[in-house]
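Notebook open, model loaded. I want to jot down what I looked up, one topic at a time.

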Amino acid sequence: MMGGTKSAGSAASSATTGSTPASEPAGNVVPASQAADFSSFVKGILSFTGDLSSLTCPSFMLNGISLLEYGAHWNDYPKVLADITKAGSSEERMRQVARWFVSTLYGSYNKRVAESNTGEKKPFNPILGEQFVAAWVDGECGDTRFVCEQVSHHPPVSALYFENATAGIYGSGHFSQKSKFKGMTMKVVQEGRVTLRLRDSDEIYCLTLPDLNICSIITGRPFLEMSSTTFIRSSRGYTAEFRWHTKPWLYGEYHKFDGRIFRDAAAALVPDGPGQEQLFTMKGKWVAESASVNLRTGEEQPLFDVQAQPAADICIRPVDEQSELESRRVWRRVSEALRAGNYDAASREKTAIEEEQRALRRQRAEAGAVWKPSLFSWIADADDDEAVRACYAYLFPAKDSIGTGSWVFNDSPHHRAAGGSSASEMPGTQTPSDAFASAPGSVM
């Protein structure tokens with residue numbers, strides 16, 4: 001069994017009402033030794049044009065974990081994921097998928113600010129081939145396992161996979177960010193998708209990702225808001241639409257959303273198009289409570305409530321037992337320096353990792369070697385199931401950042417059934433982490 005268990009979350013604090021903290025987050029005050037670096041950083045982002053990911057962030061603004069760990073929040077509530085398979089109809093399953101999606105958001109985009117009082121900070125940019133592996137052990141709904149791998153560095157792309165074998169549900173996907181400064185806010189466009197599958201059914205769900213607004217950067221106390229419109233499309237013709245609202249300048253509240261679930265037999269999404277059968281409306285705060293209303297009966301049901309239950313405990317192997325490519329081992333020295341408040345040491349350790357990666361890239365270029373991910377393969381929509389092509393074709397007019405293909409875990413039931421090679425059979429790849437093998441009910 002994996003060791004190093006830590007809690008992925010506790011009951012949400014009062015900050016989950018959606019407003020920023022009443023007082024300044026103590027952990028986010030700019031240290032005196034970092035004031036000059038922070039000033040240069042602010043001047044840089046105010047004058048910079050293009051993708052801000054190429055700018056160097058002052059070390060005190062780093063949160064000490066890899067971006068790959070953020071993907072684990074898709075599994076904060078494993079029982080909510082497993083409950084999808086218990087729904088008695090495709091219509092109710094779509095409502096349960098929407099509920100699960102909302103359950104993933106608080107941990108992904110707000111928990112660090114609301115519960116730690118340190119504000120939002122920047123994660124480490126994963127190195128090429130970096131992996132993060134975790135599990136959630138539950139005697140009632142079965143164990144859930146997760147792996148994420150950095151499959152590209154330029155542009156940065158992270159591929160993820162999660163599975164609850166007992167419930168018979170799993171998903172693959174990928175995410176990437178492009179950022180630019182607009183006004184007083186950093187706008188982050190998230191590119192990518194997640195495809196959710198039921199093992200014992202041909203029913204699939206295709207999800208798009210929200211954009212993010214990172215506010216209050218120039219004060220040194222940033223926090224996230226979600227923006228844009230996202231969708232979930234099922235292969236049975238059901239669609240969930242979410243509209244994420246940022247707080248208006250002079251009034252209103254943070255973190256609100258509304259949306260709807262409808263059935264549509266059309267081949268492409270047309271907003272409020274003819275033939276759409278409206279089934280549910282959704283409304284609330286993704287950091288607190290939300291509800292759905294059945295438009296046929298008028299019945300209101302809770303969608304998700306962050307404060308109703310703590311997030312499940314995440315199991316991660318001790319760092320010394322991890323492979324050299326696993327996130328917490330890769331970044332251990334940097335994280336230790338950050339926790340100690342030794343920002344100069346953190347910068348030196350981080351720079352050493354980055355220089356080593358540059359040297360590896362030069363060596364591959366000189367040798368004419370092509371790097372390949374260990375755990376994931378790229379599948380173009382044209383080569384995927386007809387149901388996948390149809391779902392993403394339906395969504396494509398509304399979301400141009402979903403691309404034309406997916407990163408798929410090599411040992412997923414879908415990939416194996418299609419005749420794909422497992423990670424251990426792929427020549428020329430790095431050795432994949434064996435962390436799943438030490439977890440209960442291994443999938444590898």
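**Strands.** I take two strands as paired if DSSP finds at least two bridges between them. Helices (H or I, at least four residues) and strands (E, at least two) are DSSP runs, numbered from the N terminus. I looked up strand E13 (residues 238-245) and found that it pairs with strand E14 (residues 256-263) in the antiparallel sense, over eight bridges. Tyrosine 238 sits opposite arginine 263 of E14. I then followed E14 to strand E15 (residues 277-285): these two run antiparallel and are joined by eight bridges. Aspartate 258 has lysine 283 in E15 as its bridge partner.

**What I am working with.** This is a predicted model, so I note the rules: local features need pLDDT of at least 70, side-chain atom pairs count only at pLDDT 80 or more, and totals for chains, interfaces and linings use all residues. Residues are numbered from 1 along each chain as its sequence is written, and side-chain values use heavy atoms, with hydrogens and water left out.

**Confidence.** pLDDT is the predictor's confidence in each residue, from 0 to 100. The chain averages 84, and 80% of the residues score at least 70. Over residues 5-27 the pLDDT is below 50, yet this stretch has 56 contacts in the model beyond near neighbours in sequence. Contact here means heavy atoms within 4.5 Å. Residues 438-444 also stay under 50, with 21 contacts beyond four places in sequence.

**Helix H8.** Which residues of H8 (residues 332-339) are buried? I get Val334, Ser335, Ala337 and Leu338. They lie on the same side of H8, because they cover an arc of only 160° around the axis; the arc is that of the directions from the helix axis to the C-beta atoms. Buried means under 20% relative accessible area, exposed over 50%, and partly exposed in between (1.4 Å probe, protein chains only). Arg333 and Arg339 are exposed on the other side of H8. I checked what covers the buried residues, and the cover includes strand E2 (62-66), strand E3 (122-124) and helix H9 (343-367). After H8 comes glycine 341, with a positive phi near 75°.

**A buried arginine.** Arginine 95 is in helix H4 (residues 90-103). I count arginine 95 as buried because its relative accessibility is 4%. Leaving out residues up to four places away in sequence, arginine 95 touches Ile261, Phe280, Ser292, Gln301, Pro302 and Leu303.

**Rings.** I pair rings of Phe, Tyr and Trp (its six-membered ring) if their centres lie within 6.5 Å; planes under 30 degrees apart count as stacked, over 60 as edge-to-face and the rest as tilted. A search of the whole structure finds 19 aromatic pairs. One of them is tyrosine 77 with phenylalanine 304, edge-to-face, at 4.9 Å centre to centre and 75° between the planes. This pair links distant parts of the chain, 227 residues apart: tyrosine 77 is in the loop between helix H2 (67-70) and helix H3 (78-83), and phenylalanine 304 is in strand E17 (residues 300-305). Tyrosine 77 is buried at 8%, and phenylalanine 304 is buried at 3%. I also noted a cluster that ring pairs link together: Trp74, Trp100, Phe101, Phe162, Phe242, Trp244 and Phe257.
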